[in-house]
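I opened the model to look up strand pairing and ring contacts. My notes follow the structure.

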Amino acid sequence: MMRTHSFLTVLLWSSVFYVVHMTPSQKRTNKHSHSERITGLSENDGKTLHRTKRGWMWNQFFLLEEYTGPDTQYVGKLHTDQDKGDGNLKYILTGDGAGSLFIIDENTGDIHAAKKLDREEKSLYVLRAKAIDRKTGRQVEPESEFIIKIHDINDNEPKFTKDMYTASIPEMSGVGTSVIQVTATDADDANYGNSAKVVYSILQGQPYFSVDPETGIIKTALPDMNRENREQYQVVIQAKDMGGQMGGLSGTTTVNITLTDVNDNPPRFPQSMEHLIVCSPESAPPGTPLGRIKANDPDVGENAEIEYSISSGDGSDMFDIITDKDTQEGIITVKKHLDFENKVLYTLKVEASNTHPDPRFLQLGPFKDTAFVKISVEDIDEPPVFSRPWYLIEVDEDAKEGSIIGQVVAQDPDIAKNAIKYSVDRHTDLDRIFNIYSGNGSLFLSKPLDREETPWHNITVIATEINNPKQSSQIPVFIRILDINDHAPEFANYYETFVCENAKAGQLIQTVSAIDKDQPPRGHKFFFELVPEFAVHPNFSVVDNKDNTAGIMTRRNGYSRSKTSTYLLPIIIFDNDYPIQSSTGTLTIRVCACDSRGNMQSCSAEALLLPAGLSTGALVAILLCIIILLVVLFTALKRQRKKEPLIISKDDVRDNIVTYNDEGGGEEDTQAFDIGTLRNPEAREESKMRRDVIPETIFQIRRTAPLWENIDVQDFIHRRLKENDSDPAAPPYDSLATYAYEGNDSIANSLSSLESLTTEGNQDYDYLSDWGPRFKKLADMYGGEDSDRD
């Protein structure tokens, strides 16, 4: 019979369990057991039944984890009834951990755990055992399977899912408000004892918060926690196994809890009746910031946003207040222009209120506060102020020079009432047409006006305080020049009027109109009529159309160009203004040949000498004759240009400039050039014939009368120039004839240093100082013995 030996480590004893004594928790395996015969009394035949014992059987094994004894841990023993104790049988173990974790004595069947086991790594091992005959190698019993379970011990403490938790909750929350849930897990076996039963408790954070021992939910424990008093809380939570009993293992975690803000505080000024004094200069323009006022709100974010307003006060219409979104301050600004002379002190009632009130806390009171602000206006030296923003003055264009055309008035707005002087900005009156009396601001004319040239004048008048010239102001003055009837009307255009030779009496040949530079208030009205001398004109008449135009009519039938080609018709034009102006315009009427429809064909008198018309052939012939004449003329000119010159060398004087760089030997060199030839007109060369072309006609050499006595060289040169201009034998192209003329002798005689060498002793150069500033340099160089020594 196979026995199973199971040992309980805690009690340190083992027992052999037989099948008949096996408890329900034990496992019985009988895969290949012998047949059992049960002997008993049958109801039918009364036979006796017999039962035989199983030859191969063991129980389920249990083993404690984390064994730390000096020897290997004994698990159990395998045994079969076939084992006679003679050593013929051999026990073999296979399966999970066989040979490494679990070893078996092949002779006795004893099983030991070779290593320390951890249930959290593996809690169940399945192994298989068999017994074989050593001699034959045959299994004496079929292979059977058994289980080794690892019993848990409390060797793992609870662990939280996070080392640190972060949570937030609105301030002023009620008691029991959930904040956050923490969770801890235990790796021990939850089905064996209380090793994995975790209980939560709070170690730090009381009395503000509490924790549910089973679920780990953290809740508020105090009512109305105020963020303004304390914002951050640190709570330490413990998780302990063994149901929280002594000896259990534990773990902790930290929970950082922040109270978030709610709008539970109204804005408050530092003092309920705060008086803020602000000084503002009276010259501050609208929109100028004067000062800041601030109400304190301990809330944050949008709960601390404040809106400022002026609820009442005598300055509510003069000042405004806006909110600085960054600093939550109220900025008091100027709304209208201030005047120290009008009012010096203003009082404002400023109100500060939350823009996002929380209805839950309205019962705490109104979420706004008020303060009184006093604004004092400072007096400053202001520039003069004109009585109007601009001035419009109308003046007749015939106003006399010096006449007063208008007046501007300004005064000092300050209490001192300083005296004012006036002037005209000359940048706006470059022609200086207008002037102003500096004492009273009266404008008067300095030059006559002409509306037709400039109908408007825009000038600027400056008013300046006499005691403080820096204080000045300007005002535009628009001067409109009123028209007077000082221009006579005249023809609107230049009319080219013609009358056909075949015109009939009473025929309209031209319509004329007039213009006038004046602009009468009732508009223009012109009248047309002939001059009195031509009141009854035999050829033409003028008909006034009463619409500022007039028609020129013929008075007879037919006109002849051969007799009179042009008629002059003087017309008087009157206007209707006062005084009446008139002018006479002469209309030139040409007599022209017209077709039957009245279309002009020719108006010149020379056209009468030509035939009525030329044929195409005649025109072609005339054109050919002109072309032939042009060809002949071109050929003649070309032949004349082909004449060969006699001189074809560098001596040709045409467009040649010969340069001589001989400096000469000075005044003593009498061999280089005899200037007396130029100075003596009698020594001039005779007129010679041109040598550059072959002469076709021998001209008689024209000699001039001997007029050279007592004639200056300059007159001689002019005469030579005149002779060359009138000489018919002169070259037809450009030539260069050069005559030099030095002029008369110098009163200083020669200044050459060459002649100075011939003189003996020192010369006196003091006379150079008498010649003026041009000779000052020479006088300094040669004047006096001291200069020589230097």
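These entries cover a sheet, a group of paired strands, and aromatic and charge contacts.

**Ground rules.** I am working with a predicted model, where local features need pLDDT of at least 70, side-chain atom pairs count only at pLDDT 80 or more, and totals for chains, interfaces and linings use all residues. Residues are numbered from 1 along each chain as its sequence is written, and side-chain values use heavy atoms, with hydrogens and water left out.

Entry: I took strands as DSSP runs (E, at least two residues), numbered from the N terminus. Two strands pair if DSSP finds at least two bridges between them. I found an open sheet of 4 strands in the order 27-34-33-30, with mixed pairing. Strand 27 (391-396) and strand 30 (420-424) are its edges; each has a single partner strand, so one side of each lacks a neighbour in the sheet. From one strand to the next the twist averages 30°, using axes fitted as lines to C-alpha atoms and angles from 0 to 180 degrees between N-to-C directions. Strand 30 runs antiparallel to strand 33 (residues 456-465), with 5 bridges. There I420 faces E465.

**Entry: strand 42.** I then followed the partners of strand 42 (residues 582-594). Strand 36 (residues 497-500) pairs with strand 42 in the parallel sense, over 4 bridges. T497 is opposite I589 in this pairing. Strand 41 (residues 566-574) is antiparallel to strand 42, over 9 bridges. I noted P570 with T586 as its bridge partner. Strand 43 (residues 600-602) is also antiparallel to strand 42, through 2 bridges. C594 stands opposite M600. Strands 42 and 43 make a hairpin with 5 residues between them, and G598 in the turn has a positive phi of about 90°.

**Entry: rings.** I counted 12 aromatic pairs in the whole structure. Rings of Phe, Tyr and Trp (its six-membered ring) pair with centres within 6.5 Å; planes under 30 degrees apart are stacked, over 60 edge-to-face, the rest tilted. F319 and Y346 are edge-to-face, 5.2 Å centre to centre, with 75° between the planes. F319 is in strand 22 (residues 319-324) and Y346 in strand 24 (residues 345-354), so the pair ties parts 27 residues apart in sequence.

**Entry: a charge over a ring.** The charged end of K343 sits over the ring of Y346, 5.4 Å from its centre. The test is NZ of Lys or CZ of Arg within 6 Å of the ring centre and within 35 degrees of the ring normal.
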